[in-house]
Amino acid sequence: MPDHQGPTPDHRGPTPGHHSPAHNHQGPTRNTDNAVSETRNAVSETTVHGPLIQAHTINGPVTIGDPPRGRAEPERPLDHDADLLAKSLRTQWRAEEEQRKIRDIPLPVRWRAAPDDVMDHWSNICRSPAGAVPRAPALAGQLDEIVEVHRRIPSRRLVVLGRAGSGKTILTIRFALDLLAARTDPAAPVPVIFSLVSWNPTTTTLRRWLTGQLERDYPRLAERRDLPGWAESGPGASTRAAVLVDNDRILPVLDGFDEIAQGLHRPALQALNDTDMPLLLTSRRTEYVAAVRDTKALTSAAAVELTDLSLTDLDNYLPRTTRKATPTATAWDPVLRHLRDQPQHPASVRLAAVLSTPLMVGLARTIYSDTPDRDPSALLDTDRFGTPEALEEHLLDDFIPTVYRDRPLAHRERVPHWLGHLARHLDRLGTRDLAWWQLGGAMRRSSRMCVIGLVAGLAFGLVDVLVMWFAFWQQGYGVATGLGKALLNGFSFGSVAGLAFGLVYGLRYRNGAREPSRVRVRLRGGTKETRGEVVPRLAIGLVGGFGFGFSAWLLDTLVLGLAEWPTYGLMTLLAHGAEIGLSAGLPYGLAVGLAFALTAAVETPVDLDTAVGPHDLLRTNRVTVLFQLLVLGLFTGIAGGILYWLGEFRIIDWALFGMVGGLGGALAYGLSLTAWGQWVTLSRIWLPLTGRLPWAVSAFLRDAHRRGVLRQTGAVYQFRHDRLRDRLTNSASRPPR
């Protein structure tokens, strides 16, 4: 089959079974028999980019000229978005590959064709006409041939089966990087790795789920189509991610079919069978075979099965990873010699079985090759390791202490407990994805409400006490008397703030944490979509600000008045408090509403050409929230100034209104109702305070990624391997006292 690297022939129309999203052609087309014939040839003989690649914009197919000598320059927004996404993915996965040492000393990952009972008919895989006898392509290969094997399959649909640790994730990374490196046509699909664990096929279609994952990890793709050359945006307009998915510009690399929730494997396979998009799917064999037995094999998909590593593979790999014990030998040589010379010895049988997967070989390399004082001959100790399972548990358990061996003993002893908490957190949420904004989400809702309310109330109350203490002192009260009145005032405002923000948090985020906004603040920024949020945010701010201001000032009047009981009657206090609450609530509502509206007007999605990692998103959210708090304080001060100008406020009242309402209210809002604030409250304060995570959580996650315990995928982390996560989940480690 020819191996074209440029665009396919002219006049490529929609593939059979695929519906073009629009019919408004923007360029000349030729609907002749010859053009149709060329289209069919392009579909049947397409090469690197798959049979469903179509050269069209969202407004319909266009004519493509002769393939250029060099790389074609993207001229359409669809091509531009695909190119930027490819650039971002290339940067991300290249760094991840280097982190996992996949290429420094290649570990052989091989596969063979899977049995026929887990594959569709070859006539369907080859897209053969009725009555034609298809010729099955060779499927066996090794890691650097995965793209070539995928190209040999006319349907471009491949299932990769393998047991735990057999190298499926390594293969997906290599596949994505090799396909990205070969991508020269801007109309070619972009390979994107998706972790299937979060997909529920009974509630979300595959294309909608793919779109949501892209919008989560690449915020610019969540924008509506409002660039020149795109269809006019509207309430039902598609996002950039949806347009890429619907126009087959994404080649899904679906990792972890076996990780889908119990009971959903059959509907997931049925949903995949309803699509004809090119893809690569990985799964453990048992779960996939069970799903095939309940329905049928993935439509038009070939299947391969990863093979075990051989003793020759170990001979060619392990000695290269470690120091030389002598000029001609390494620490691994006695172990490998024992495996060769005494293959039936119980120690050899157990160790050979364990070192048959890339996962265990990688762990053994880390523990015994990268550590000068460790002798791999210990792996042959039959008294210590009586079963292969005992050997695997040893490698899994020793991996964490080994990669943290340079840290102080006190820190090193706590790391398994912290990682165990993260693993159990993921288990409770039923996901692989370790997102910083969800770290407190596994706590009970009542606990989260109490913590959020407590922190918000303390923040507001503390600001109020400090400001009012100074104000009472200026009015002639003594230090003790002024402090007492300030504490009463702070209790009033802090209680209302804690109760209000705790209740709002519980009602708004009952099922989990707030998703972080994928926007950054630009004073001359803003998009059509973000500017559309101005009016809704203005309304929310007006109502919320007024409600808080009225309640807080009413309660404050009652508390201070009752402290001087029976000077004032209860009805007098209620009437006076309601009057003050109205006069304070209106400017509070106006200030909060205007602040929220302004921030919407200057927000713009994070650039697509910037790789969005967990800490990039965290830093962006922190800047956005701090800007919101600054604007909120500024508008509160302006509102107080207007009341002073109207004669409603004295100068001291203006200062108190602005500082207490602006600073205290902004802190309470920021710490309770923003993704960054909830991260600070729950993950940076509460979880470390209770010993479940370290105080420097962000630095700990970044360090765990650097050491190879975690891997990064888009804006979230995942554990290096499910076996390691499961081992930590089931561990009963407790932090040392």
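So, contacts first: take the ones in this protein with a separation of 6 or more, and 78% of them are between residues 24 or more positions apart. Keep in mind that this is a predicted model.

Now the overall numbers. We have 737 residues, and 56% of them count as buried. The secondary structure comes to 25 helices and 15 strands. The accessible surface is about 32,500 Å², with 57% of that belonging to carbon and sulfur atoms.

Okay, aromatics. How many aromatic pairs are there? The count comes to eight. Let me start with Trp332 and Tyr368: their ring centres sit 6.4 Å apart and the planes are at 80°, which is over the 60 degree cut-off, so we call that pair edge-to-face. What I like here is that the pair links distant parts of the chain, 36 residues apart. Trp332 is in the loop between strand E11 (329-330) and helix H11 (333-341), while Tyr368 belongs to helix H13, residues 358-369. Buried or exposed, these two? Both Trp332 and Tyr368 are buried.

Another pair is Phe470 with Trp473, and this one is tilted, with 6.1 Å centre to centre and 45° between the planes. Here both partners lie in helix H16, residues 445-474, and they're three residues apart, about one turn of the helix. Trp473 has 48% relative accessibility, so it counts as partly exposed. There's also an aromatic cluster, made up of Phe194, Trp199 and Trp209.

Next, helix packing. In general, you describe two packed helices by the angle between their axes and the distance between those axes. For helix H14 (residues 388-403) and helix H25 (residues 722-730), the axes come within 10 Å and cross at roughly 85°. Who makes the contact? On the H14 side you'll find Glu392, Glu393, Leu396, Asp397, Phe399 and Ile400, and on the H25 side Arg723, Leu724 and Arg727. Sort the residues of that contact by type and you get four nonpolar, five charged and no polar.

Last stop is Gln270, over in helix H8, residues 265-273. Its relative accessibility is 34%, so Gln270 counts as partly exposed.

Note on methods
Residues numbered from 1 in each chain as written. Predicted model: local features only at pLDDT ≥ 70, side-chain atom pairs only at ≥ 80, totals over all residues. Heavy atoms only, no water. Helix = DSSP H or I, 4+ residues; strand = E, 2+ residues; numbered from the N terminus. Buried < 20%, exposed > 50% of the residue type's maximum accessible area, 1.4 Å probe, protein only. Phe/Tyr/Trp six-rings, centres within 6.5 Å; stacked < 30°, edge-to-face > 60°. Axes fitted to C-alpha atoms, helices over the stretch in contact; angles between N-to-C directions. Contact = heavy atoms within 4.5 Å. Nonpolar A, V, L, I, M, F, W, Y, C, P; charged D, E, K, R; others polar. Areas by Shrake-Rupley, 256 points an atom, 1.4 Å probe, with all protein chains shown as cover.
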